[in-house]
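I opened this notebook to keep track of what I look up, one topic at a time.

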Amino acid sequence: MTGARVLRRVAPQLLTLGAVILLVSVYFPDFYQIVYANDRLVGIPIDVVKRGAPVALLAIGMTLVIATRGIDLSVGAVMAICGATAAWSIDQGFGLWAALGLAGAAGLVCGLWNGILVAFFGIQPIVATLILMVAGRGVAQLITGGTILTFDNEAFAFLGSGAVFGVPVPTLAWILTGILFGLLVRRTALGLLIESIGINLRASTLTGINSRVLLLAVYMGSGFCAALAGIIATADIRGADANNAGLWLELDAILAVVIGGNSLLGGRFSILASLLGAMIIQTINTGILLAGFPPEFNLVIKAVLVIIILVLQSPRLLPRLGFIRLRRERDEKPSGTPVEAGK
Amino acid sequence: MLLSTRNLTKTFPGTKALDSVDFDLKAGEVHSLLGENGAGKSTLIKCLTGAYRRDSGDILFEGEPISPQSTLEAQEIGIGTVYQEVNLLPNLTVAENLTLGHQPRRFGMISPRAMQAQAEEMLAGYGVDVDVRRSLDTYSVAVQQIVAIARAVHLSGRVLILDEPTASLDSREVRMLFDVIGDLRKRGLGIIFISHFLDQVFEISDTLTVLRNGCHIATRPAAEVDRMELITLMLGHELDEEKPDRGLSSEVEGTGDAIRFKGIGRRGKIAPFDLTVHKGEVIGMAGLLGSGRTESAEVLFGATPADSGTVEDANGAVDLRNPRNAIAAGFAFAPEDRKTDGIIAELSVRENIILALQARRGWARPIPQAEQMRMADEYIERLDIRTPDAEKPVGLLSGGNQQKVILARWLATNPRFLILDEPTRGIDVGAHAEILRLIEDVVAQGMSILVISSELDELIAVSHRVIVVRDRHHVSELTGADVTTETIVRAIAAPDAEAVA
Amino acid sequence: MLTKTLMATAAVFCFGATAASAQTIGFSQIGSESGWRAAETTVTQQEAERRGIDLRFSDAQQRQENQIAAIRSFIAQGVDGILVAPVVATGWDSVLEEAAEAEIPVVLLDRMVDSSPELYLTAVGSDLVHEGRVAGEWLVEAVAGEECRVVELQGTTGSSPAIDRKQGFEEGIASADNIEIVRSQTGDFTRTRGKEVMESFLQAENGGADICALYAHNDDMAVGAIQAIKEAGLKPGEDILVVSIDAVPDIFQALAAGEANATVELTPNMAGPAFDALEAYLADGTMPEKFIQTESKLYTQEDDPQAEYEARKDLGY
């Protein structure tokens, strides 16, 4: 795709992100302030791109899975498994690289399991991945022995809280992974083939596309992204918390993909738009923390904002909103844009 | 008249599904509705039962105009329907299924005993021995059909529509069902029967109505029609019609390049058959709906892999375990149902055209963007695909243009053997002619083609020889001067041994 | 100190119990959803072993029906007493009546039920409000009248520990006008959220310069927050005082490193007092109080945190 087409595709997400940032900065005017301190950039936007890393990483894999008309509910549990694997390896003294390798392998194996259930046994993706979603935390607890498995390894902890040229490592991780996956699907024919099986699996198979292998690859990609997210989450708190690592993040990842304008019915997808979706969610999360409302309101505020965003992005609603606005202008009433009205 | 339609018309975008159809059903008759795929049978049924809203025309029930808005309303008027897949709830008991929605109540609660009694009463006279307390799925499909019929008769009681009720029954079960239908006829119900098994149609029907391309073709007493005449009516050719000019020489030199299929078949789909495909040859395949035409094509392409037989060419065995291997062997297949099996609707014309070639190259070797554009433009021009540009989603094109896109997709892979299943169905006349011309073009370049079509004229015009399929067997192969509508119809109709040599 | 007293009493009763005859006691545990729960199970088993009690253990995996089934099976086995850590508060009447009819005393651990107090012998638990109060009172003493802006990491919104520990802390600092809670947000009892929310507190409060102390409803959130404070370039324990509740092993490491200042113990040893009460009742029918409150002991950097860590690290936290 050319630059202009990409820009047109992600324009709604960019506008939404802008609107959300604007909203947060109303409550917290210092939002834009970024300073360089302790060899790293410090500021709220930096917190957003750092804290959003797990959901952003999950959203990359989730985008591809959803493009095949699937869904991967297990990514949160896979995060816990991979984080536990990494922490266990460090604890056993295998060293950094072995820990990363084992965690990545665990993610790929989890993805392979999901992929086999979906591609070879024909189980519906939501059911197939639900199995690991439920069982995965048990597996993670077996690895950690039911406790928060802490470790002392500065090199590994650097992946969660370190910074390169002032940029937090988790941020670099999702940006680089996003670029890597983006190139992988768009510089090869993978993207086209994935979209094809997502739109019409039967016709694609009759066209000679190896849909089974493709499905396996997509779920393994999702598992790998979950492994990266699990490594970062574990490194961040210097411990593997099997109960809570990645808990409910699969839902945020799906939400990020949806806010990114990707259809849950499969087909056309944009990883960039999903990543913007993840940043929109994180900006809302961080904004809620900064705003200082009582925590009882957290979920309500988030839900209301998400509903507004999704309604505004709804293809059915957009023409109607345009119509309403036109009519208002005709009636010469004080008119506001839909976004402002939504606030 | 019990149920009539007058000038019933229904259009869908791009096609006229029913064109001023008149239809009359008498009380106490079994009236079969016949026609090939797309003839308008199911549209007619759906208009009668309120599943579709008609565009114009009248439906008369005992002379009174009706317009049911839903199947429920049609049921209340007196028109009940039983489909091939029984529309009941298999995990409820027979009694619950029979009485669902009108269970006998006592003090507002369902009374199991009254419900059982009512269910047993409803099933009385159907000659089935059923414990109504057992769940429906413990019984065979035939019994489930009869339960569905009993329910429909109880609720409606005047008109019963049976849509392919025998498709999944064995012969003993068919007999059981026919006994029930015979009884209902005696009780004065009007029964509309749809089946593609002609033997059964002749056995049970009093009256036959043939539809073709949405038009009413003929209504005759069943006793006055013979098999050949019926098939001719369905396929749309008069026996005494002038032989169309065959534009192709009937001789193809038997080079060593032939692909030889020996005894390939698949149980339950198509009986083992032999087929030799020569270079530059067009083979036609004729047969009625459900005869095994499409199944033959799917076995040849590996879409449903053969469970018997071998395939060889000059280089040895050919692997047809799945479509991918078939494509690697130079095969291509444009399926009958373009929407579900052919196009990838949301992808662009360009992407649809390059898709098969890209799949064969593998994901790691993408076709460069410029090359994709060039190929798309080339085929859009060569096949005259009407699209504003190559980036338009193919689902937005008309049927004929979608078919051309699928042909382009396969031509781009430069296949040696191209299988076309009903390539001209549902497309306009102009595109029709263009596709036939295209077939001649590519054959001249040495490609081999298998064409499946219900339109005999078309088959005769393009084919060097014609294979006739009946009851899941390849029953006859016609070559040279034998390829005429008459010989084909006779081969399709022949109940058994009188097959044409 | 507490442990010493317990061990002393345990020794006495242990002798008495063995003299009477080896008791059989059933224990229906909720599950192992947290480290503390796992430690409670471990400590209960250790206590039973020390007293020569035959403990029948049943893990309910967070389901009440499993617990009810386990209690019925204990009754059928004719145990001498039953310990229950109830997963929910309601729906216990009938099974407790069955136990009462069989004259088997039931002791509730750690959580309460809505049934009539007649139906159980006693309940052993900590007072969540009291825990918060101890933490608050420590802070009042620690800042000694200086201005102090406190940030609070709450537990899961709406959970009773979060509500009670918040209330207790507020009561504890009510007398001190110099202490003010400036920000309070939920950290869901997890390290990840504790760290994330602390980061936002630091951002919102002038890079942390305006924060004098952190109060976390559990140690895990405090451990996460300590990392956030360190990464912001501040010294936890000095620049920002850290007080939390639970006394899990990891917070003792932080105390030992000078990165945390105080923690209030929620003892996993609920079984000790429960066994005491049961044995007294079985021996001569002594009725205990209807609620036995465990001690909420405060640990600071002066309490040899390294030793406390060593003592606790193998309990299954």
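My entries below go from a chain contact to domains and then to a helix pair.

**Entry 1: chain C against chain A.** I note at the start that this is a predicted model. I looked up how chain C meets chain A. I found 27 residues of chain C in contact with 25 residues of chain A. Next I asked which elements of chain C give two or more residues to this side. They are α2 (35-51), β7 (179-186), α7 (191-204) and α8 (219-231) of chain C. The largest share comes from α7(C), with 9 residues. I then sorted the residues on the side of chain C that touches chain A by class. I wrote down 14 polar, 9 charged and 4 nonpolar residues.

**Entry 2: domains of chain C.** I looked up how chain C is divided. Domain 1 covers 2-125 + 267-286, and domain 2 covers 128-265. Taken over C-alpha atoms, the centres of domain 1 and domain 2 of chain C are separated by 33 Å.

**Entry 3: two helices of chain A.** I turned to α12 (residues 249-259) and α13 (residues 271-291) of chain A. Their axes lie 7 Å apart, and the helices pack at an angle of about 120°.

I listed the residues that make the contact. From α12(A) come A:Asp252, A:Leu255, A:Ala256, A:Val257 and A:Ile259. From α13(A) come A:Ser274, A:Gly277, A:Ala278, A:Ile280 and A:Ile281. By class, I have 7 nonpolar, 2 polar and 1 charged residues in this contact.

Conventions: Residues are numbered from 1 along each chain as its sequence is written. Chains are lettered from A and ligands numbered from 1 in the order in which they are written. This is a predicted model: local features need pLDDT of at least 70, side-chain atom pairs count only at pLDDT 80 or more; totals for chains, interfaces and linings use all residues. Two residues are in contact if their C-beta atoms, placed from the backbone, lie within 7 Å. Helices (H or I, at least four residues) and strands (E, at least two) are DSSP runs, numbered from the N terminus. Ala, Val, Leu, Ile, Met, Phe, Trp, Tyr, Cys and Pro count as nonpolar, Asp, Glu, Lys and Arg as charged, and the others, Gly among them, as polar. Domain bounds come from an automatic or database domain assignment. Axes are lines fitted to C-alpha atoms, for helices over the stretch in contact, and angles run from 0 to 180 degrees between N-to-C directions.
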